[in-house]
Amino acid sequence: MKKITSIVMILVICITCGNTVSRRDHYEHNKTVKKDTLIALNNTLSLYYASYNNNTKLWYNLYIMNKKKRIKVDKGNEYKGIGSELFYRLSPNANYVVVDAIIKDYVHESDKDSTLHENYTCAIIDLKKAKIVKQMQQDCDGSWNKKSQWISSGGKVVFK
């Protein structure tokens, strides 16, 4: 009986303590590493992600590559998302691209535990200016029309 009680107590302790992760452990395991990737959009333009975070499984540090010239994408004031699952849609006129703009990070409730926060958004990038011009959450499942306007799945023009 003592053996069963001991095993049950050990299991309770493991379950209770196993779900909390220290703040220090998040920062040690949440490191972004040099692991770049290049996505060709057309003959002259590419998206270049300079780093990858193993913990969040997202790509970071977005650049526009234009004939070997690398330009860092300006996030602007409203842009919050920084991660990508490498989703993109190029406009027909090749002036804009829609990319993932995912926010995924730990929200610390105390020094002993935290909660993973995820917010899936997307952003429209002006490729000539290398700047984010619009960030969306509800209209990411839209598409480009022939006039290079982003149209929501409901048929509404979201970006001209």
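Strand β3 (residues 58-66) is joined to strand β4 (residues 69-72) by four bridges, and the two run antiparallel; strands here are DSSP runs of E with at least two residues, numbered from the N terminus, and two strands count as paired if DSSP finds at least two bridges between them. In this hairpin two residues lie between the strands, and Lys-67 adopts a positive phi near 50°. The model is predicted, with local features needing pLDDT of at least 70 and side-chain atom pairs counted only at pLDDT 80 or more, while totals for chains, interfaces and linings use all residues. Residues are numbered from 1 along each chain as its sequence is written, and side-chain values use heavy atoms, with hydrogens and water left out.

| Residue | Bridge partner | Strand of partner |
|---|---|---|
| Asn-66 | Lys-69 | β4 |
| Asp-100 | Cys-122 | β9 |

Within the sheet, five bridges connect β6 (residues 96-100) with β9 (residues 122-126), which run antiparallel.

Cys-122 also forms a disulfide with Cys-140, their sulfur atoms being 2.2 Å apart, where a disulfide is a pair of cysteine sulfur atoms within 2.5 Å. Because Cys-122 lies in strand β9 and Cys-140 in the loop between β10 and β11 (143-144), the pair ties together parts that are 18 residues apart in sequence. The torsion about the S-S bond of Cys-122 and Cys-140 is about -100°, so the disulfide is left-handed. Both Cys-122 and Cys-140 are buried, meaning under 20% relative accessible area with a 1.4 Å probe and protein chains only.

Terms used
Buried means under 20% relative accessible area, exposed over 50%, partly exposed in between (1.4 Å probe, protein chains only).
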